[in-house]
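Colleague: I'm new to reading models like this one. Can we go through the terms one at a time, and will you tell me what each rests on?

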Amino acid sequence: MPTEKDILSVNNISNKLGTRFIGKRVVVYPQLASTMEIAKIAASNGVPEGTVIVAEEQMSGKGRLDRIWISPKGCVTLSIILYPDIKHLPSLIMVASVAIMHAIKKITGLKAVIKWPNDILINGKKVAGILIEGTIQHINVGYAVIGIGLNVDFNVKDYPEIAEIATTLSDEKGKYVSRLDIIRTLLVEFEKLYLSARDKDIVYREWRDNMDTIGKKVSAKSGSIVYEGIVDTVAEDGSLILKTSNGEIINFTAGDVTLLK
Ligand code: BTN
């Protein structure tokens, strides 16, 4: 059960976090429409890099492709503000995915995997998702906001839309998992990987090596055409490389894949 120690306060999140800039400044809202909207306003006002917007619960959580992200209390919902160099943009999804995997492993011991492009799964069910939004001015990034939603401790059965496809850390672990512990570890892991991703390809390799989608039969859409094939690999620019049954190689930079039996 949650205790006083698990309360999502600014102090509880950032005190002795030990990071250089991620989470040095944290803003916590008891309730928000979406952390993305507040984070984008804050970023356009030039708040320091690494500022984190956290909501206890979101009323209009945003997923990719205009989907809704169900965000009751018990979900970690946060947005991290960055001002990266444009050449580091493709690695942001890798940093976020691997940081979530690390945080889950460190706090619960559970093994999570990645489903291209932005899902984190445990035992085939979605436990977290990532949404990246930002601005590009000429050839520079204005800002990038990394939105992370992670199901920690709520009853997915209360939400029929996700009851069969989603899971929570508490359900997978079989006991209560603290959102505060997850957030603190996530921010530390995120910073480590973000700093290392600037020069090396270690984050790319870890991202690729934990990509559950590789080797699987999938269907994927490019414009109005649906392709079926086996996922060959994921590339350093974040794209997915599909080999169709007639040997054609298709490169997907965005979209969604559906796993086929
Ligand atoms: C997806 O899987 O479609 C991405 C989900 C991203 C959800 C997070 S929760 C924090 C941030 N605020 C939002 O409204 N969305 C992102």
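Modeller: Between domain 1 and domain 2, about 1,100 Å² of area is buried, and carbon and sulfur atoms give 62% of that. Lys115, Trp116 and Tyr204 supply 55% of what domain 1 buries against domain 2, more than any other three residues. Keep in mind that this is a predicted model.

Colleague: Which stretches of the chain are domain 1 and domain 2?

Modeller: The domain assignment gives 4-209 as domain 1 and 217-259 as domain 2. Their C-alpha centres lie 26 Å apart.

Colleague: How do you know that domain 1 and domain 2 are in contact?

Modeller: Contact asks for heavy atoms within 4.5 Å. By that rule, 12 residues of domain 1 are in contact with 15 residues of domain 2. The rule for polar contact also finds six residue pairs across this interface. On the side of domain 1 that touches domain 2, the elements giving two or more residues are helix H3 (89-108) and helix H6 (202-209).

**Salt bridges**

Colleague: What makes Asp256 and Arg67 a salt bridge?

Modeller: The cut-off is 4 Å, from a side-chain nitrogen of Lys or Arg to a carboxyl oxygen of Asp or Glu. For the side chains of Asp256 and Arg67, N to O is 2.7 Å. Between domain 1 and domain 2 the count is two salt bridges, and the structure holds 14.

Colleague: And why are Lys62 and Glu37 called a salt bridge?

Modeller: Try the rule again. Lys62 and Glu37 have an N to O distance of 3.3 Å, which is within 4 Å, so this pair passes too. It links distant parts of the chain, 25 residues apart: Lys62 sits in the loop between strand E2 (52-55) and strand E3 (75-82), while Glu37 is in helix H2 (residues 35-44). As a general point, side chains of opposite charge can pair when their charged atoms come close.

**Strands and hairpins**

Colleague: How do you know that E5 and E6 pair?

Modeller: Pairing needs at least two bridges. Strand E5 (residues 119-122) and strand E6 (residues 125-137) are joined by four, so they qualify, and they run antiparallel. Ile120, for instance, has Ala128 in E6 as its bridge partner. E5 and E6 form a hairpin with two residues between them, and Asn123 in the turn has a positive phi of about 50 degrees.

Colleague: What makes E6 and E7 a pair?

Modeller: E6 and strand E7 (residues 140-151) have 10 bridges, so they meet the requirement of at least two; they are antiparallel as well. One example is Glu133, whose bridge partner in E7 is Val145. Their hairpin has two residues between the strands, and His138 takes a positive phi near 55 degrees.

Terms used
Residues are numbered from 1 along each chain as its sequence is written. This is a predicted model: local features need pLDDT of at least 70, side-chain atom pairs count only at pLDDT 80 or more; totals for chains, interfaces and linings use all residues. Side-chain values use heavy atoms; hydrogens and water are left out. Domain bounds come from an automatic or database domain assignment. Buried area is the accessible area (1.4 Å probe) that two parts lose on being put together, summed over both. A polar contact is a pair of N or O atoms within 3.5 Å; within protein, one must be able to donate a hydrogen and the other to accept it, and residues adjacent in sequence count only if both atoms are side-chain atoms.
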